[in-house]
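Hi,

Here is the structure I promised to pass on. Please look it over, then read my notes below.

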Amino acid sequence: MERVRPQSVAFVPLIGGSRVLAVLVLATTDAPRDFTRAELDLLQALANEGALALERQRTADTLRDTLERERLVARITARFR
């Protein structure tokens, strides 16, 4: 905040399930302003899509890790046989 010196700031949470995954921060640096309800609604919709994308990525990462672990176990098992 000290570096950017914003005049106005909006914080919009990216909520996945029951937890906040991240926060979208929007700031003006030239002049103070009020964000309209329509703008905040649009930002929340964007944040919701971002939260879905983050959740999908987390799920894909978990699946990839699980598959790699299963492949490792299969290779080890095959060597013992």
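How many salt bridges does the count come to? Seven. Bear in mind that this is a predicted model.

Start with the pair Glu55 and Arg19. Their side chains meet in a salt bridge, at 3.8 Å from N to O. Glu55 sits in helix 1 (residues 37-80) and Arg19 in strand 2, so this pair ties together parts that are 36 residues apart in sequence. Arg19 is partly exposed, because its relative accessible area of 44% falls between the 20% and 50% limits.

Next, Arg33 and Glu39. They form a salt bridge too, with the closest N and O atoms 2.8 Å apart. Arg33 is partly exposed, at 35% relative accessible area. Glu39 also counts as partly exposed, with 28% relative accessibility.

Then there is Arg64 with Asp65. The closest N and O atoms of this salt bridge are 3.8 Å apart. Asp65 has 40% relative accessibility and counts as partly exposed. Elsewhere, salt bridges with shared partners join Arg19, Glu55 and Arg58 into one network.

Now the nonpolar surface. Met1, Phe11, Ile15, Val20, Val23 and Val25 make a nonpolar patch of about 610 Å². Which elements give two or more residues to the patch? They are strand 1 (8-16) and strand 2 (19-28). Strand 2 provides the largest share, three residues. Val20 is one of the patch residues, and Val20 lies in strand 2.

Best wishes

Terms used: Residues are numbered from 1 along each chain as its sequence is written. This is a predicted model: local features need pLDDT of at least 70, side-chain atom pairs count only at pLDDT 80 or more; totals for chains, interfaces and linings use all residues. Side-chain values use heavy atoms; hydrogens and water are left out. Patches are made of residues with over 30% relative accessible area and no salt bridge: like charges are joined within 9 Å, nonpolar side chains (Val, Leu, Ile, Met, Phe, Trp, Tyr) within 5 Å. Accessible areas come from the Shrake-Rupley method with a 1.4 Å probe; for residues, only the protein chains shown count as cover. A salt bridge is a side-chain nitrogen of Lys or Arg within 4 Å of a carboxyl oxygen of Asp or Glu. Helices (H or I, at least four residues) and strands (E, at least two) are DSSP runs, numbered from the N terminus. Buried means under 20% relative accessible area, exposed over 50%, partly exposed in between (1.4 Å probe, protein chains only).
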